[in-house]
Amino acid sequence: MKIGIAVAGPAALPSAFVVLRDDLCRCVDRAAAFGYDGVELALLRADEVDVPRMKQRLSATGLEIPCISSGQVFAADHLYFTHPESAVREAAVDRIIGMIRLAAEFGAKVNTGRVRGLIHDGETFATAKQRYLSCLHRCADVAEQAGVELIVEPVNRYEINFIHTCAEGLEIVKETARKSVRLMPDLFHMNIEDASFRAAFESARGYIGYVHVADSNRLAPGWGHMPFDEIFQILGDIEYDGYLTAEILPKPDPDQAAAQAAKYLLGKLGRGADAVN
Ligand code: LER
Ligand code: MN
């Protein structure tokens, strides 16, 4: 398994779920210094990334971009797949297609977490799901041409009003039946919504494309009461071999949070400073 950290450019909303907020290329350098393998870019638009300059920084540091996340498209621009107006759904799909094309440049996945949207007042789950799946299929058409994976992230009930548990996310992934669409459990949401880490991860074995990690209070791992020993055991048991990306609050400050998450995760993976080779 590799470790990543969520970052955004300086203009990202204060509510964006990222640790480092800086020029995106500087984020890569800062993440490399902490020992991360990759950075997840939280973007509002694909054109925030200067592709040649970013490729140069990645090659200089050896870091990867495992994922591009799109939560700000929902939170800042209110574009999402379940919107009742087709023009808004189209704009959301266009934004995600831009991110898919960008992701293809870096071998990254694209997270379609909160951009799926919500069930509007007076509408049904079935209506929201139909709009969501129709947009997801259009994105999957492009993703498959581009060799990019789309990931579906269950998000807790206090942030969005449907697809909260891993089982609900897995149902969407299976129903979509697209090879490009995979599940992305986030430990913070799982800790609220899933009855059992083991049952949720084991049911999703083979469908998991990416994982977000945080402690129970969304601080860096090790600063709450998330059962990390059990979780690492389960991830090993299901042979998950992808990224564990820290999507945590930048507290007490971004550098301390980033340093703690890297040290803790690398330690659990046996790659810490005191690891015996
Ligand atoms: C939001 O809580 C979250 O986990 C993000 O990854 C989704 O946009
Ligand atoms: Mn997340």
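A polar side-chain atom of D186 lies 3.0 Å from an oxygen atom of ligand 1, a polar contact being a pair of N or O atoms within 3.5 Å. Taken alone, ligand 1 exposes 260 Å², of which the protein buries 97%, with areas from the Shrake-Rupley method and a 1.4 Å probe. This is a predicted model, in which local features need pLDDT of at least 70 and side-chain atom pairs count only at pLDDT 80 or more. Residues are numbered from 1 along each chain as its sequence is written, and ligands are numbered from 1 in the order in which they are written.

**Around ligand 1**
- An oxygen atom of ligand 1 is 2.7 Å from a side-chain N or O atom of E153, and for the side chain of E159 the distance to a ligand oxygen is 2.6 Å.
- The residues around ligand 1, with a heavy atom within 4 Å of it, include F17, N111, R114, H189 and R218.

**The manganese ion**
- E153 (OE), D186 (OD), H212 (ND1) and E247 (OE) coordinate the manganese ion (ligand 2) at 2.0 to 2.2 Å, donors being N, O and S atoms within 2.8 Å of the metal (3.2 Å for Na, K and Ca).
- The donor residues of the manganese ion follow the sequence spacing E-x32-D-x25-H-x34-E.

Conventions: Side-chain values use heavy atoms; hydrogens and water are left out. A polar contact is a pair of N or O atoms within 3.5 Å; within protein, one must be able to donate a hydrogen and the other to accept it, and residues adjacent in sequence count only if both atoms are side-chain atoms.
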